[in-house]
Structure formats: structure tokens, C-alpha cells
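Take a walk through this model, strand by strand and then helix by helix. Have the structure open as you read.

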Amino acid sequence: MTAVDQSNETSTLNLLGCKVNYRRKGTGPTLLFLHGAAGVGGWTPWMLQLTERFDVIVPDHPGFGSSDTPEWFDNIHDLAYYYLDFIKALGLHDVHLVGHSLGGWIAAEIAVRDSSALKTLTLTAAAGLRIPGVERVDVFLLAPKDVPPALFFDQKFADAMSAHTKTDAEVDLDLKNGYAFARVAWQPRLYDPHLDKWLHRIDVPALILWGDADKIVPPEHAAEFKRLIPQATVEIFPHCGHLPQVEQPQAFLRALTTFIERNGA
Amino acid sequence: MKFFGIHLMPYTPLDPKAADLYNSAWITLPNTYFDRDEGHALYERFIKELVAADALGFDGICVNEHHQNAYGLMPIPGVIAGALAQRVKGRLAVLGRALPLVNNPLTISEEYAMLDQMCNGRLIAGFVRGIGAEYHSTGINPTESHARFHEAHDLIVQSWTRPGPFHFAGKYYDFEYVNPWPLPVQRPHPTIWIPSQGSSETIEWAASADRRYTYLQTLSPTPVLRRYMDLYKQECRKNGYEALPEQLGWSTPMYVAKTDEQAYAEAKPHFDAFMNRFFHLTPEMLLPPGYSSAASIKMMRSKLSSGKRTMEGCIELGMFICGSPKTVRETLLARQQEIGFGNLISQFQFGTLPHDLTMRNIEYLATDVWPFLRERVAPSPEAVAS
């Protein structure tokens, strides 16, 4: 069951007792973007640029944003299976699946289970793996004031984020997203100890995008995903933190669209 | 009315700068600050203080569980309780074991059954969820805290009351064979207390007609104590019965000296250290996602941002009872008569309070405060008049 609000291109899909809110805009090949732990507030400039060439779908994950928190929401695998049903329910095929951070982890979990509806996979600063000896910031212990500096290489982005005083509604949304994030990523912290065993099953072309100064999921993880996914290429953005799409949007969009066009967009 | 003493067993020699340097005495404060040669003497001292409280006429003594911090050196409270079981005559309370933090709650069933046998039915079995920071330290998901607590509780109580072996099938705990040996002395199970800093969900659960567990409000300002005690009484009434005084407990730090001035002067550095050094936690440590409801976390975060707490401020709020014997007994009597609790738990050592002052504090409480209150508060388990 799908309800569509034409004014801001948002829709609601009621699936498995969970109403999921998603935005959809643009024409062309389907690009499904899975957001990170902080959620998505709405269309961002880099997303809108993608809508000029793609049919872009941006859901709020179950538990996040304006989507429901269903009873069955226990772990990252539940999200992966949910999205496989979501793709089926919307009748999507040849999907270019793009995930950032937590969303990248979900995308990888989806792809190891069933890639039949996928055309390509792009992982940006994706969580999901643990590399012994590679230290990272514990996002669950970070004070709110320390989050922006940890996210960016160029501190002017951090300053801009810090300068924004959150509204009460934004604080409530952060608490909701924080709960959902902890639900799937608290223990083990931001990874699935069984994911690495199955990444070889990903049989679509994969692109791995990373900032070389990512403190949340350090760039060593890019090399590990490349090692484990058969058809993977990597692009590392210099002087860039955990959010390449925000910190270096043009380089991010160029890398992403070039990859998708090369692989049958 | 019953009078108890509780010890947190803090690491008193902690370098005063350490907690500030690491922004907390929990989780990330390096254990290189723990001097291995100090531990033995500390345990000897703390056990001596608890044994003294029992010998001087406290009705019971209490220990509790905390993990990976300088705040309390009892990650396994049963070890201390086992040592005490051989030495004390009164009730022995473990307040409590943090149920969600273990992956096999049957070990808690077993530990409590052993203790209840060793002290011949004098055990009070406390069940808690643990402090938010302990979900970082133990790797348990805080979003599962309430659900794990309830399931572990059901498993433990069933293990004491249902003939074994039986299969317990829960979401978090699934045991094909539940069949513990030994079983506790007390029937149907040991007295159960639920300590909490205040949670309406916990109160609703503890006050149900088939549980009637003692609810123990810990370290709270008077209005908070009053609110949660009233809430408990209301819940009991909703369930068709009146709360008995012994179903209500209050636990708070206390310090008594000859005069108010002397008590304030002696307690201040140690109490301030307790609140600001040993109990120094960031909001991210204390309130991990899901540990409390989003609304509670939002409310508690705003309170936490109010800066350092002073002894004077805590006295004003009713969180610390300090003064001459007269001041302390009158304050406690007024509080008891207003609120009607039947169990009073005195934290007689806090922060860096040294052994001599702790012992003198215990003596004052036992000789100049408890007898006064015993004479004035009816011991009978009559329903609390509203």
C-alpha cells in the first residue's frame, strides 16, 4: 500500500507492519540511497543533482526519521531483509544501490543476500566490518559538540554544523535516530562479525568511495571491502572526512555517475 | 521501620586529577590508576565498616554491583556478601545484581541461592538494570535493557519457584534445562528489592499485586523521592491493595558529627569528591540510547548540564542528610512521617571519607539516630495511611 504526497515527492509504504517514509524524484535508472545514522532531513543539493539523471529513492530506514519503529526491528539483518521486500514491493529492478555509513553497511548486507534486483552497489564510508588494530572514534561516547569536528576534514563544515542550534523537533528526531542506530550498531560496535565471510557473494560491480581523513570509519575499511568484494573499485577523496557527499559533492557525484554510466545506466 | 547501611566501596586513593583528565571515573578512566598494592587494605577496611554497622545494631547491611570504574569496587558483589555472610547477624542485601548485563541470569539465581543458604534466609535479593555507563563497559545493548531485565527476572524467580528441570524459552535467554542446585532457604523466594533512581515503568512493574516488591528510591532530591513514593502507593491502590511500609525504601548518603558545623566541615571535601569525582559521568555515558525513554533522556540531559554539584546544594535538595544527631534525626523523622517508607538505607561512607570518620558516622547513626526513630515510628507492618 503506497500513499504519495506529490508536493514534496514523499511517499509512504506500509509493509510488514511498518510504515516507511521515502522520497522519490527524477527519471532515469533507479538509484536507491540508504542514509547514515543521522538520517536525512530532506532533499539535499547533491541528491537533487542526482535526480536530473536518475529516479532517486531515499527512504527513512525503519526506526529512523518519520518511519515507524516496528516490533521486529532487532538488528542489521532485519533492515537488509526489509529492504529486499521494499525493492520487491515497489517493483524495482536494475537498481543502483548507494549507501553511506550505516546505510552502506545495510547495502552490503542486502547485496550478500540477494543481488538479483541490483545493477551496481556503491559503498561510501560504509560501516559493517571490523579490522583489528584500526582505531576509530566511538560515536556512542562522543559529546554532541565533538561530533561535527569528528565528521569533517575541512573544519569550516564542522563550524557551520556547530553554529546551528537544534530545534526541539530536531532534538527529538536525534533521539529517535540514536535509538535506532544503537539498536543495530551498539554491539558489536558498528559491525557484523559474519559479514566479511559472505562479501564474495556480491556479483554486481561495486564502487567504494571514502574520505582519506575519515575518523568514524577509517579508510582502511575501503581497502578491506575492496579485498573482499570481487568486482570492486575504490576511489579515495583526499582531504575529506566521513561525509564525502557533503564535503566534496562534485567529486563524489562525478565518481558515482561515471561508475554507474560505465556499468549500464 | 528497618535501618540499613550500604557501602559503595569506592577507590578512595584515586588521583584527584584523574577523573577530570579523563572526563569521568567510569568506562575510560585507565585502570593504571588502580594501585594493586592498595586493594587488599581497602577491602579489609570496607568489610570492617560493614561488620561494625551490623554489630552496632543496624538491621541489615547492603552491597551493590558496579563495573569498570573508581566509583565502586564490587563488580561481583556476591564475593563481598559471601565474606559478610559468615560475620554478620542482620539482613544481608545485595542491591543489586544488574540483570540485563549478564548473558546467563541463572548464575545470579545460583549466587543468591547460595548466599541465602549461607546466611540462613537473611538475604535480600536486589534486582537492578545497572547504570547507563555499564552498557558501554559490558557491551550489552541499552535498547534491550528493560526487556532483558524483565525476562531475566522471570527466569530467576521461576528457577526458585518452579520444580526443575524445565525449559525457559525467552527472546534473550533460552535454557533447555533450568534446574538450579541449591535452592534458597526463603519460600517462595528471597525477599526482592528493586532499587532505582526513579522510573515509572519500574514502579508499575514492582507494585503489581503478584510481586509487591520493595521499591527503593536512591540518591534523589526530596521532591523526586516524594513523587516516586506516591506513584508507588498509587500503583498499589490501582492493583487493589495498600502499600505496606516495608514496600517503600529510601537510600541516601548521611553524615553525623557532634554539631552541624563540624559535620558540614568534615563531610564537605569527601562528599564533593563523591558527587563530582567518583560520580562524574558524561551524558553519553549515563544515558545511552534506549536506557530510558526518549522523553526521560531529554529531561535528564538538561539536568546534567547544570554543572558541578556542591554539598550545600545537595543538602538543600534533600539528597544528603548531614548535621548533628538532632538535625539528622529530626530531618529523617519528618521525611519518614511525610512519606511513610519502612526501610531507610544510609550510605555512611561516600567519596574519600576516611575510615575513622566513617566509623564515627556509623556509631552516631547506630546510637543517636536509629533508636530515636525506632521509638517514634511504628514497627508494625500496617498499611500506610494515605
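Which residues point one way from E8(A), and which the other way? A:Ala206, A:Ile208 and A:Trp210 point one way, A:Leu207, A:Leu209 and A:Gly211 point the other way, and all are buried. A residue is buried if 20 or more other C-beta atoms lie within 10 Å of its own, exposed if 12 or fewer, and partly exposed in between, with C-beta atoms placed from the backbone.

Some ground rules come next. This is a predicted model, in which local features need pLDDT of at least 70 and side-chain atom pairs count only at pLDDT 80 or more, while totals for chains, interfaces and linings use all residues. Residues are numbered from 1 along each chain as its sequence is written, and chains are lettered from A and ligands numbered from 1 in the order in which they are written. Helices (H or I, at least four residues) and strands (E, at least two) are DSSP runs, numbered from the N terminus.

Stay with E8 of chain A. This strand covers residues 206–211. It is mostly covered, with 6 of its 6 residues buried. Its neighbours in the sheet can now be named. Two strands pair if DSSP finds at least two bridges between them. Strand E7 (residues 118–124) of chain A pairs with E8(A) in the parallel sense, over 4 bridges. Within that strand pair, A:Thr122 has A:Leu207 of E8(A) as its bridge partner. Strand E9 (residues 232–237) of chain A also runs parallel to E8(A), joined to it by 6 bridges. There, A:Ala206 stands opposite A:Ala232 in E9(A). From E8(A) the chain passes through helix H7 (residues 220–228) of chain A to E9(A), a right-handed β-α-β crossover. A crossover is right-handed if, with the strands pointing away from the viewer, the path from the first strand over the helix to the second runs clockwise.

Now pick out one residue of this strand. A:Ile208 lies in strand E8 of chain A. Why does A:Ile208 count as buried? Because A:Ile208 has 24 C-beta neighbours inside 10 Å. Leaving aside residues up to four places away in sequence, A:Ile208 touches A:Leu123, A:Ala222, A:Phe225, A:Lys226, A:Ala232 and A:Val234. Two residues are in contact if their C-beta atoms, placed from the backbone, lie within 7 Å. A:Ile208 and A:Leu121 are 87 residues apart along the chain, yet their C-alpha atoms are separated by 8.5 Å.

Move to E5 of chain A, residues 55–59. Here 4 of the 5 residues are buried, so the strand is largely enclosed by the rest of the structure. Strand E3 (residues 18–25) of chain A pairs with E5(A) in the antiparallel sense over 4 bridges. A:Lys25 stands opposite A:Val56 in E5(A). Strand E4 (residues 30–34) of chain A pairs with E5(A) in the parallel sense over 3 bridges. A:Leu32 is opposite A:Ile57 in E5(A). The chain goes from E4(A) through helix H1 (residues 45–51) of chain A to E5(A), and this β-α-β crossover is right-handed.

Look next at the loops. A:Leu16 sits in the loop between strand E2 (10–15) and E3 of chain A. Its phi is near 55°, a positive value in a residue other than glycine. A:Leu16 is partly exposed, with 17 other C-beta atoms within 10 Å. In chain B, B:Asn23 lies in the loop between helix H1 (18–21) and helix H2 (39–55). Phi of B:Asn23 is near 65°, again positive in a residue other than glycine. B:Asn23 counts as partly exposed, with 17 C-beta neighbours inside 10 Å.

Chain B also holds cis peptide bonds. One runs from B:Trp181 to B:Pro182, with omega near 0°. B:Pro182 lies in the loop between strand E6 (174–178) and strand E7 (191–196) of chain B. Another joins B:Arg187 and B:Pro188, with omega about 0°. B:Pro188 is placed in the loop between E6 and E7 of chain B.

Last, the contact between the chains. It takes 14 residues from chain A and 15 residues from chain B. The side of chain A that touches chain B has 9 nonpolar, 2 polar and 3 charged residues. Ala, Val, Leu, Ile, Met, Phe, Trp, Tyr, Cys and Pro count as nonpolar, Asp, Glu, Lys and Arg as charged, and the others, Gly among them, as polar.
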